Amino acid sequence: RVSEAPVREQAWLWPARIPVGEITGIIGPRGAAKSYLVAEIVAKVSSGAPWPDHLDTPREPGEVLLISTEDDLAEAIRPRLAACGADLDKIHHLDPRKRNDTDILDFAIEEVAQVARALPGLKLIVIDPFADAIEAQSDRSAEGVRAALAALKNLAAEQGLAVILVNATDKACVVYAGRTKVDILPLLHAKARALWSVEQDPVERRRFVWL
């Protein structure tokens, strides 16, 4: 009977926006400032600064594991986080290896889990972009993508943290398993508890809207 099931309230990293124990997707076209939004989120988690819609709610700072494969750590990521007021000592950057001096990244979701379990106080994992993480897996089939998402979801629930997966809504959402093309975006839609789209304001072009 449903009446016999326990009741458990959803925990939130950012109330009503980023759930704990779940996957949150942040998607949008290229150049839509997704990585800047992520930098603001990471900065607030690491510093304990209040969320913009909960300015009177105190929070404890937490550790963040950041996996960003497109931007340079020294030239882009660190200055961006510093400008957002992040506590850089609480942010850990996992730098994926290059496979045999090629542009193909070489790291496994299992390695992300190992690092996450070794970081006490970890509250957030960010992978930007998620497509690169899938490209690095040995199994890039639809089932392989589902397995990677399930592993991240289980890690989030096990460790009581939030996982944010970032990706562009263009051809970067496609990976190849042999000759088979796999679109990861529908699979992310199916697994994410929260899914947010960052879009350019059609009138004020310098402004981006989180939907």
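For its 211 residues, a compact globule would have a radius of gyration near 17 Å, and the protein chain agrees with that, at 17 Å. Keep in mind that this is a predicted model.

**The chain as a whole**
- Taken along the principal axes, the C-alpha atoms of the protein chain fill a box of roughly 55 × 55 × 40 Å.
- Of the 211 residues, 42% count as buried.
- The protein chain exposes about 11600 Å², and carbon and sulfur atoms supply 50% of that area.
- Among contacts between residues at least 6 apart in sequence, 68% join residues at least 24 apart.

**A pair of helices**
- Two packed helices are described by the angle between their axes and the distance between the axes.
- Helix α3 (residues 109-117) and helix α5 (residues 142-159) have axes that come within 10 Å and cross at roughly 10°.
- Because angles under 35 degrees count as roughly parallel, α3 is roughly parallel to α5.
- On the α3 side, the contact is made by Ile109, Ala113, Ala116 and Arg117.
- On the α5 side, Ala148, Ala151, Leu152, Leu155, Glu158 and Gln159 make the contact.
- By type, the residues of this contact of α3 with α5 divide into seven nonpolar, one polar and two charged.

**A buried glutamate**
- Glu63 sits in strand β4 (residues 63-68).
- Its relative accessibility is 15%, and buried means under 20%, so Glu63 counts as buried.
- Leaving aside neighbours within four places in sequence, Glu63 is in contact with Asp89, Lys90, His92, Pro120, Gly121, Leu122, Lys123 and Leu124.

**Backbone details to look for**
- Most residues other than glycine have a negative phi, and most peptide bonds are trans.
- Asp128 and Pro129 are joined by a cis peptide bond, with omega at about -5°.
- You will find Pro129 in the loop between β8 (122-128) and α4 (130-135).
- Ala16 has a positive phi, near 65°, and lies in the loop between β1 (12-14) and β2 (18-19).
- With a relative accessible area of 58%, Ala16 is exposed.
- Ala33 has a positive phi too, near 70°, and belongs to the loop between β3 (23-28) and α1 (34-47).
- Ala33 is partly exposed, at a relative accessible area of 24%.

Conventions. Residues are numbered from 1 along each chain as its sequence is written. This is a predicted model: local features need pLDDT of at least 70, side-chain atom pairs count only at pLDDT 80 or more; totals for chains, interfaces and linings use all residues. Side-chain values use heavy atoms; hydrogens and water are left out. Axes are lines fitted to C-alpha atoms, for helices over the stretch in contact, and angles run from 0 to 180 degrees between N-to-C directions. Helices (H or I, at least four residues) and strands (E, at least two) are DSSP runs, numbered from the N terminus. Angles under 35 degrees count as roughly parallel, over 145 as roughly antiparallel, 65 to 115 as roughly perpendicular and the rest as oblique. Contact means heavy atoms within 4.5 Å. Ala, Val, Leu, Ile, Met, Phe, Trp, Tyr, Cys and Pro count as nonpolar, Asp, Glu, Lys and Arg as charged, and the others, Gly among them, as polar. The radius of gyration is taken over C-alpha atoms; the globule rule is 2.2 Å times the number of residues to the power 0.38. Buried means under 20% relative accessible area, exposed over 50%, partly exposed in between (1.4 Å probe, protein chains only). Accessible areas come from the Shrake-Rupley method with a 1.4 Å probe; for residues, only the protein chains shown count as cover.
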